[in-house]
Amino acid sequence: MQPDLAAERNPGWPHGRLGLHLLSMRVGRSRVAAAAPYLQVAPLAAVLGVFLVFPIALIAVVSFWDYTEYALIPDFTFRNYWELFSSVVTYKTYLSTLRFAAITWAVTLVVGFTVAYFLAFHVRTLKWQMTLFLVCTIPFWTSNIIRMISWIPFLGRNGILNSTLIAMGVIREPLEFLLFSEFSTVLAYVHLYALFMVVPIFNSMMRIDRSLIEAAVDCGASGWRVVREVVLPLSKPGIAIGSIFVVTLVMGDFVTVRLMSGGQSTSVGLMMANQLAYLQYPAAAANAIVLLAVVLLIVAAMMRIVDIRKEL
Amino acid sequence: MREERRPASFYALGTFFVLFVLFLYGPLSAIVLLSFQGPDGGLTFPMIGWSTHWFQALFEQQRVGDFKGSFLRSFKLGLIVMALTVVISFAAGLAFRKRFRGASFIFYLAVASLIVPSILVSLGVGLLFRILDIETTWWSSGLGAHLTWTLPFGLLIMFAVFNRFNKSYEEAARDLGATPWQTIRHVVLPIVAPSLVGVGLFGFTLSYDEFARSLLAVGTRNTLPLEIYGMTTNITSPALYALGTVTTAFSFLVVGGCLAATTIIQRRRARRMPAGPKP
């Protein structure tokens, strides 16, 4: 580039070609800068638009369609909703799913809180905290289905638990309720989703100012009171985020119920999967819309406790 | 601090933690052991001899379904999802550092994508392609369905990263005359690189293990989780466990690789600026 003579003659003032060039660049740049966030967020918006918003809108539309054994018939009928709400099975299924969600939520909450509390307040060095945290997360990187079937050799009729109990003389006959039952379903849920509770609660706890705890102790609070009145309220955001994850995962699940309950339990997801297997898309769509409404109601209730964006 | 005696609650909670870890790893280690059953062994203990018989059975297509094909599809899909998740989340993360119209709408859309039950996404994407009369395949509808799951995670990680990001590095770059692109390329990108490895890891493994969102969206050719699901109903031999061992080992390999990559990046950086403050 040629040295700009005008600028050299008059230092401090952007004269001549270079000055103009700089000026125009700045104007151009500000226009680019204003457009930049829109361009940067466009791919995300496009993916979510095409593969989330549009499909769900389509489910809503199709839920009013009619169908035969072979075809979908565009229509505007309440048949699917009517059939859904007039069947006792629907209510039973929703209740059963809500029950699974509630039990799993309660268990993962207690387990998650305890594990996170141990990691955050009883493990003293950051290095060990992170190591033990990693130990907890590693199994969650493997396939859910593999993790479910891994309970078979443990809980089965001739499984490890039954043989051990028989060998110890605690029981004579193998316990039948261990595998392919509600028990094994809840166990699998807890096994699969406990981490979704541990991580956000641990994250919240790590941000608690330690001096608050010291202050509470100095004021004579017992260990238990510190947990109840300092740690628990300050972990609320983490608890809320974990709860949202666990509840929505269980509410939408059907694989775990199908594999682990041995046909003894059902869930909304499983009901939908069965409708889909018979190509009753509009019926499944109506079911999906109702499920979505239920899940969103639960989440909205939980969101009142926490502003997710502040917690990241 | 160190001399301070541990309270009794430490031991109680420590025991609870150990039990939790056993609960997580116990069943998995059982199937790893059982996958080395002898040829006459069954689905439960005791072990009747040791062999790699069931691993061999895995690779004979007729016997246990299309393991190799579905694995390759899942692997390729995982890599594509990984690359797209890193690029799209990073770009969106940059966008959210500035004000723009519709920011909170897109944010809540991303959160909604996590909350909406997976089977709805699967059903919706399946319906969309069916009504438009386009064939569903793993690399089109399947890819899109997976991205609705991985992108929100990627975005949330980028939020966490940029909330802790020290802006003075960028300001310094700008003061030294760097263009916005140069600032991103030479300042922001290197600083957030380890987190991007994390985003990629999330993208890959979430896609590699995804079942529900694949179900109605990947078309006739199964990805690995769908194939495994099919096998759970067909196979009643330790080949199932061998499958579990192989896929688990592969997942661990990927996680280990990513952790190693992050460590190497950080070490190299520490070497490059030995006395400098950590970003």
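Chain A of this predicted model exposes about 15700 Å², and carbon and sulfur atoms supply 68% of that area (Shrake-Rupley method, 1.4 Å probe; for residues, only the protein chains shown count as cover). Its secondary structure comes to 15 helices and 2 strands (DSSP runs numbered from the N terminus: H or I of at least four residues for helices, E of at least two for strands). Of the 312 residues in chain A, 49% are buried (under 20% relative accessible area with a 1.4 Å probe, protein chains only; exposed is over 50%, and partly exposed lies in between).

Next comes the meeting of the two chains. Chain B brings 98 residues to the contact and chain A brings 85, contact being heavy atoms within 4.5 Å. About 8100 Å² is buried between chain B and chain A, with 81% given by carbon and sulfur atoms (the accessible area, 1.4 Å probe, that two parts lose on being put together, summed over both). On the chain B side, α1(B) gives the largest share, 16 residues. Between the chains, the count of salt bridges is 0 (a side-chain nitrogen of Lys or Arg within 4 Å of a carboxyl oxygen of Asp or Glu).

Helix α1 of chain B, residues 8-34, also holds B:Leu22. B:Leu22 counts as exposed because its relative accessibility is 53%. Together with B:Val18 and B:Leu19, B:Leu22 forms a nonpolar surface patch of about 290 Å² accessible area (residues with over 30% relative accessible area and no salt bridge; nonpolar side chains, Val, Leu, Ile, Met, Phe, Trp and Tyr, are joined within 5 Å, like charges within 9 Å).

Residues are numbered from 1 along each chain as its sequence is written, and chains are lettered from A and ligands numbered from 1 in the order in which they are written. Local features need pLDDT of at least 70, side-chain atom pairs count only at pLDDT 80 or more, totals for chains, interfaces and linings use all residues, and side-chain values use heavy atoms, with hydrogens and water left out.
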